[in-house]
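Let's take a walk through this structure together, one piece at a time. Have the picture open while you read.

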Amino acid sequence: MAIAATRAPVRQQSRARARRNALVGWSFILPNFIGFAVLTLIPMGAAFVIAFMEWDSYSPPEWVGVENFERLLGDQSFWIALGNTAYYAAGHIPLTMLAALGLALLLNKRIRGLGFFRTTMFFPYITSLVAVAVVWNMLFNPTMGPINQFLEWIGVQDPPGWTTTSAWSMPAVIITSVWRDMGYYMVLYLAGLQAIPQEYYEAAEVDGANAWQRFWNITIPSLRPTTFFVLIMVTIASFKVFDLIVVMTDGGPGRSTLVLSQLIYREGIRENRFGYSSAISLVLFLIVLVFTVVQFRIQKRKED
Amino acid sequence: MKRTLVSAAAITAAIGLALTGCSGAPAQQDDDGPVTLSVSVWNMEQTPEFQALFDAFEKANPDITIEPVDILADDYSEKVTTMLAGGDKTDVLTMKNVTDYARYANRGQLLDVSDVVESLGADNLAGIEPFDLDGEYFSVPYRQDFWLLYYNKGLFDAAGVEYPDHISWDEYKSLAEQLTGETGGQKVFGTYHHYWRSVVQAIAAAQTGGDLLSGDYGFMEDQYSLALDLQTGGNALDFGTAKTQQISYRTMFETGQAAMMPMGTWYISGIAAAIESGASTVDWGVAPMPQIDAGDETVTFGSPTAFAVNKNSEHQDAAKKFLEFAAGEEGAKAIAAIGVVPAFSSDDVTAAFTALPTDDLSVTTFSEPKDVVLEMPVSEYSSDISTILDEEHELIMVGDTSIPDGIATMDERVTGDVLE
């Protein structure tokens, strides 16, 4: 009994300390969290509700149930945008990862001017997007652009029309976005490469492994956490692509590069159909969620 | 639990936003003493007509001060919509286009100003028709832009051809062919068609009597084949290049790369300024828009800009006074002096229009009677249809679809997806 009596204040004290620690912790997070809550969390939550409403931001919202989703199923532009988003992701994700890894491997060697090359590769990522789009549009110009002039010089008879044709506009956008993003992911891969202990390679060399074997059996497995992180980031970025397409082709010609986030913007901000636009954004959210969960599952299975 | 909280917060936020749109009748203040009148405008710095109007008005009404509310042009519609939804009290609202006007007026956000229209005389105001909502006016147009043909006199003289005086589209096409060539190592196109769909579609609608909201777009066929012929013949810069390189129509005309160019009257003040500052040395003139048959009455398209009074304004009398001034003869003279085409017409106003070249053809282009058809008719479907017409226009112009196929797709999408 006496023991219990002395223990109680101690427990109280420690609980008070824990609470104080928690409060201190929260107060550090709070400024950031308030911003996140007001600008991201609440609007996201609101989108879930507004998706079931008809709302033009002026008149009172009206509950319409799943009407927005029914409409979505019959909306040709939605299916085109969905297909285009998938097309973009299918090109952008693997090419960006390959280019980033390739560059990281090249620049992980001790060569003269290493810092210069690394910086150069990172430049596109920090360049203004509008400038990137304008310059690439010039490069892609079918008649006067250097890309087609080069293609003609190496003997291509009928070079593509790039952003002026619906067949080639998406590849043009993908090429531009890969060029722009590869530097950023290269930095992530470089960090991953530097974390691989040199001893692995030395041991492998002693065992007589050639360069390819070393790459395949040491570098790739050691990079798995980095690759996974890069994959998740590139996937999310691909599905959300908006800015580059808006400034480069604005979805055109026709609807050949119209993507989901652009359709969300159009329906919401331009046409004042916030309900319908929220419904589309929910679909996009689900797609990204499913892909991310699947990737996590696969990664986990590989680790086990 | 958490989810219900979030949704509750979301609904509260949504309803709160919607409710702030409603508010009671504004308190009217006595307008006898000095009054400050706020007026919503866009890109004040690059749109000199506003300053010209304000200066003239303040001079005529020393007890009223104008306070501009400057908004970025690209965000103008959205910003004003939000302002009105939030019960904003800005006194005078500039109506950038008729579609927005119809939206605000139908929501009851604008004051009935039929009395102002009546005192100015609806007949004197060009472009007044689309503002008529069942016999009532909630806005008065002060500016009426319409499309005409700009041409480079120097290039015409060099090619030894006559100026495009009331020509047909066939004559226009052969002129474009004759004027295409090279001057001083620079490629000269016979004409330049900007990439906006109106250059083809609105001209076709105005001159054939076609309706851009009808879902039946066969009337565009001739105008499309003309546009495509000109670009395949190398007599006009191709659409793909113009669009993807974001070509400036001003550069094309001011540097003499195009001998002709169909464009709106807003460009008059721009080119006049470029010549005055020495940025361009083009010897230019304007002619009426080419017609299907050369002898026809001039039919073209355009769109008016107007002022409206906010229903929440606390200075409604002063605001109406501003409307009457700005849309009337005094305001018209003030903006005509800087090369902007006023909606109000009179001989004095034409005389004040000094930015215009003084040759007979340019003057006739302005003073002759003409039919100016609204660029895009107003309906709840205008915006959706416009998006479809834009998309299919691109596909036809870059050659991804043939003209009949493109028009068939327009018909199908507008009828099936929008009009239903």
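Keep in mind that this is a predicted model. Let's start with helix α12 of chain A, which covers residues 260–270. Eight of its 11 residues are buried, so the helix is largely enclosed by the rest of the structure. Among those buried residues are Leu260(A), Leu263(A), Ile264(A) and Arg266(A). What do the buried residues of α12(A) pack against? In chain A they pack against α2, α3, α11 and α13, and they also meet α17 of chain B. After the helix comes Asn272(A), with a positive phi near 60 degrees.

Now zoom in on Arg266(A). Its salt-bridge partner is Glu391(B), with the closest N and O atoms 2.9 Å apart. This pair crosses between chains, going from helix α12 of chain A to helix α17 of chain B. Both Arg266(A) and Glu391(B) are buried.

Glu391(B) also has a salt bridge with Arg413(B), at 2.9 Å from N to O. Here the link is between distant parts of the chain, since Arg413(B) sits in helix α18 of chain B, 22 residues apart from Glu391(B). Through shared partners, salt bridges tie Arg255(A), Arg266(A), Glu391(B), Glu392(B) and Arg413(B) into one network.

Next, hop over to strand β9 of chain B, residues 260–264. Five of its five residues are buried, so this strand is largely enclosed too. In a regular strand, side chains alternate between the two faces of the sheet. On one side of β9(B) you'll find Met260(B), Pro262(B) and Gly264(B), and on the other Met261(B) and Met263(B). Strand β6 of chain B runs antiparallel to β9(B), and five bridges join the two. Look for Tyr151(B), which stands opposite Met260(B).

Notes:
Residues numbered from 1 in each chain as written. Chains lettered and ligands numbered in written order. Predicted model: local features only at pLDDT ≥ 70, side-chain atom pairs only at ≥ 80, totals over all residues. Heavy atoms only, no water. Buried < 20%, exposed > 50% of the residue type's maximum accessible area, 1.4 Å probe, protein only. Helix = DSSP H or I, 4+ residues; strand = E, 2+ residues; numbered from the N terminus. Contact = heavy atoms within 4.5 Å. Pairing = 2+ DSSP bridges. Salt bridge = Lys/Arg side-chain N within 4 Å of Asp/Glu carboxyl O.
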